[in-house]
Amino acid sequence: MGLKLEESEKQLSFDELNEFSKYFNKKIPLSFSNFYMEFNGGYPPENGRHNFFLLGGFNSIKYGDVTIENIYTDLVDSFPNLKNMIPFAYDEGGNCFVLSLKDENYGEIYIWLMDEKELVLVSKSFDNFITKLSQSY
């Protein structure tokens, strides 16, 4: 069974997704774009099982109270080393999952451990991240 999210924000248009890509001035991986065309943020269903990453939810693009764009601006202001890393999700402890757009690790998924101020590799790609997460449901 594939991953389904609850309480996603307004669905994105192709133009809005292109605008988002221009915000980072980098090519966004197709798997990430496709995921956000289907789910603009949201939460994994509460089915009594813990998901593999202890993921709390996905941040939305453009719509909602706390958008990826706003989180990114705040993160980069405080931690310049997170430039070109999209904060797309968070765990139950408030740490950020980020998608790297940097040349040296493009497409890889990391978790930014807020207290330790440390990046830890989680997955080699967004597809693998979603596949592992989907296996929890």
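What covers the buried residues of α2? In this predicted model, the cover includes α1 (14–24), β1, α3 (68–78), β2, β3 and α4. The residues being covered are S31, F32, S33, F35, Y36 and M37, which are buried in α2.

Five strands make up an open sheet, in the order β1-β2-β3-β4-β5, and the pairing is antiparallel. At the edges sit β1 (55–58) and β5 (118–123), each of them pairing on one side only. On average, and ignoring direction, neighbouring strands of this sheet are turned by 35° against each other. Helix α4 (residues 126–134) packs on the sheet and touches β1, β2 (85–91), β3, β4 and β5. The direction of α4 makes about 125° with that of β1.

Two of the strand pairings can be spelled out. Strand β3 (residues 96–100) pairs with strand β4 (residues 109–113) in the antiparallel sense over four bridges, and the bridge partner of V98 in β4 is Y110. β4 and β5 are also antiparallel, pairing over five bridges; here L113 has E118 of β5 as its bridge partner. The hairpin of β4 and β5 has four residues between the strands, and K117 takes a positive phi near 50° there.

**A look at L99**

L99 belongs to strand β3. Is L99 buried or exposed? Its relative accessible area is 0%, so L99 is buried. Leaving out residues up to four places away in sequence, L99 touches P29, F32, N84, M85, I86, F88, G107, E108 and I109. F32, one of the residues L99 touches, is also one of the buried residues of α2. For K62, which is 37 residues from L99 along the chain, the C-alpha separation from L99 is 17 Å.

**Helix against helix**

| Helix pair | Axes come within | Crossing angle |
|---|---|---|
| α2 (residues 30–38) and α4 | 8 Å | roughly 50° |
| α1 and α3 | 12 Å | roughly 5° |

On the α2 side the contact is made by S31, F32 and F35, and on the α4 side by F126, D127 and I130. By residue type, this contact has four nonpolar members, one polar and one charged.

F20, Y23 and F24 of α1 meet I68, E69, Y72 and T73 of α3. Five nonpolar residues, one polar and one charged make up this contact.

**The two sides of α3**

Which residues of α3 are buried? They are I68, E69, I71, Y72, L75 and V76. Seen down the helix axis, these buried residues fall within an arc of 160°, so they line one face of α3.

In turn, α3 is part of what covers the buried residues of α2.

Definitions and conventions: Residues numbered from 1 in each chain as written. Predicted model: local features only at pLDDT ≥ 70, side-chain atom pairs only at ≥ 80, totals over all residues. Heavy atoms only, no water. Pairing = 2+ DSSP bridges. Axes fitted to C-alpha atoms, helices over the stretch in contact; angles between N-to-C directions. Contact = heavy atoms within 4.5 Å. Nonpolar A, V, L, I, M, F, W, Y, C, P; charged D, E, K, R; others polar. Buried < 20%, exposed > 50% of the residue type's maximum accessible area, 1.4 Å probe, protein only. Arc of directions from axis to C-beta.
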